[in-house]
Amino acid sequence: MSRGFARARLLLAGAVLALLAACAARPEAPPASRESRVLRVGTSGDYPPFSTLKEGQASGFDAALLESYATERGLRLEWVRFRWPELVADLRAHRFDVATSGITVRPERSLTGRYTVPVARNGALLLLRRPTWAPPAGGGTSEEPLALLRALDRPDFRLAVNKGGHLERVARAHFPHARILAIPDNAAVREAVASGQADAALSNTVEGPRWAEGLTGLELVGPFTRDVVALYVDPSQPELAADLDTWLLRQEESGALGELRARYLGPGATGPTATPVDALLSATAERLALMPMVAVAKQRAGQPIEVPAQEAKVLEAARSEVQKAAAALGVSPPPDEALTAFFQAQMDAAKQLQLRAATPADAPAHSLDDELRPALARISSRISTLVPRVPGGLDRDAIRHKAHEELASTGLEAGEIDRLADALVGLGTSRPAPAP
């Protein structure tokens, strides 16, 4: 061995020893996988108290909720701003993993994304400066909100609303003859009514009372809808959606979610929402809201409403998913007859809504196989994971009352809602409440 070669080996060995010593002296670096675990969260940033975004930092109810989740899961949040009219397109383009900002559960959004269990409820609220031509206030007596809305619905009534959001659809549904001022900037909606540019602004029970502060001559009319708010997840990430559901159910049970609602949203956001029963009713309402679209798709494809073979497949898949969910929880699934009664009630309610659905020639067409059935499968999967969590000892009358509240807008008849409620109660019969 030459002296030069031996010297090179000694230098190399020294360098390695020095490197090892340096590594030992430094704290151990976190694993690369942990460093790269980023959760991209979409936010409008213009919807307090749900979300505001300044200099890349989010605040509000949604921010506190997601920050708590990220801390427990060892994730770093990256906030991505969206505009309400582009929400669905941005989710489809995978710009973020989950979207927040008080997002209302709506059927057209279900076609593209995957909702979590609900985190809050609210309702549409009109901030009204009553025009001179409008009916006078009731002189201290109660005034039916829907009757007043009908009286206001005329071409010279100017109504400001956030463009592209849920409330724009509510505005156009309740005020087809009014002049709708759809404003892209949510904060500017309040300014429109404050400055007199609009006679009224459409908000909700969480945001509306805050908007009314400091403004004179305004009436708060409503609420006249019952809306559910949830997180909106990229459908290609079912594991994230399932983990968020599990986490939210635990947060509700521990009281942490209720504390966040009270701190940020106030009494306008009724709760609890992320309980097995509430979440099941919300998922049922979401599923049934798609039935008019299913009816149109089937009619245009020349397919019948009732397909026994498809129902059998749905029922078998539901049983399998419930059994897997129960095994993961370490509990026994509900008896087979209870499962059959529950899912058959779901399918029968869906068929009744399809049979009653109007199918106008100009109704938007959605693909049964590419859009509607995948959306229904996502909702059904959430339902199946909730079923083993239904506790025993539920009061039938109380669940019926709750079901009528949550399913009032579906178009079901009273007896059909009662059947769904009774089947839900049956899931917990003779079963102890499962651990979260």
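How many residues does helix H3 have, and how far does H3 reach from its first C-alpha to its last?

**View 1. Helix H3 and what packs over it.** In this predicted model, H3 covers residues 61-73, which makes 13 residues, and it reaches 19 Å from first C-alpha to last, close to the 18 Å expected at 1.5 Å a residue. Buried residues of H3 are Phe 61, Asp 62, Ala 63, Ala 64, Leu 65, Leu 66, Tyr 69 and Ala 70. Among the elements covering them are strands E1 (38-43), E4 (57-59), E5 (76-81) and E6 (98-99), along with helices H10 (238-254) and H11 (256-265). Just after H3 comes Gly 74, with a positive phi of about 70 degrees.

**View 2. A cluster of rings that includes Phe 61.** Ring pairs link Phe 61 with Tyr 47, Phe 50, Phe 82, Trp 84 and Phe 96. Phe 61 also shows up among the buried residues of H3.

**View 3. Trp 133 and its neighbours.** The model's count is 10 aromatic pairs. Here the ring centres of Trp 133 and Phe 157 sit 6.4 Å apart with planes at 90 degrees, so this pair is edge-to-face. Trp 133 belongs to the loop between strand E9 (124-128) and helix H6 (145-152), and Phe 157 to the loop between H6 and strand E10 (158-162), so the pair ties together parts 24 residues apart in sequence. Trp 133 is partly exposed at 27% relative accessible area, while Phe 157 is buried at 0%. Arg 154 lies over the face of Trp 133, 3.8 Å from the ring centre.

**View 4. Phe 342 beside Phe 343.** With ring centres 5.2 Å apart and planes at 80 degrees, Phe 342 and Phe 343 make an edge-to-face pair. Both are buried.

Key: Residues are numbered from 1 along each chain as its sequence is written. This is a predicted model: local features need pLDDT of at least 70, side-chain atom pairs count only at pLDDT 80 or more; totals for chains, interfaces and linings use all residues. Side-chain values use heavy atoms; hydrogens and water are left out. Rings of Phe, Tyr and Trp (its six-membered ring) pair if their centres lie within 6.5 Å; planes under 30 degrees apart count as stacked, over 60 as edge-to-face and the rest as tilted. Helices (H or I, at least four residues) and strands (E, at least two) are DSSP runs, numbered from the N terminus. Buried means under 20% relative accessible area, exposed over 50%, partly exposed in between (1.4 Å probe, protein chains only). A charge sits over a ring if NZ of Lys or CZ of Arg is within 6 Å of the ring centre and within 35 degrees of the ring normal. The expected span of a helix is 1.5 Å times one less than its number of residues. Contact means heavy atoms within 4.5 Å.
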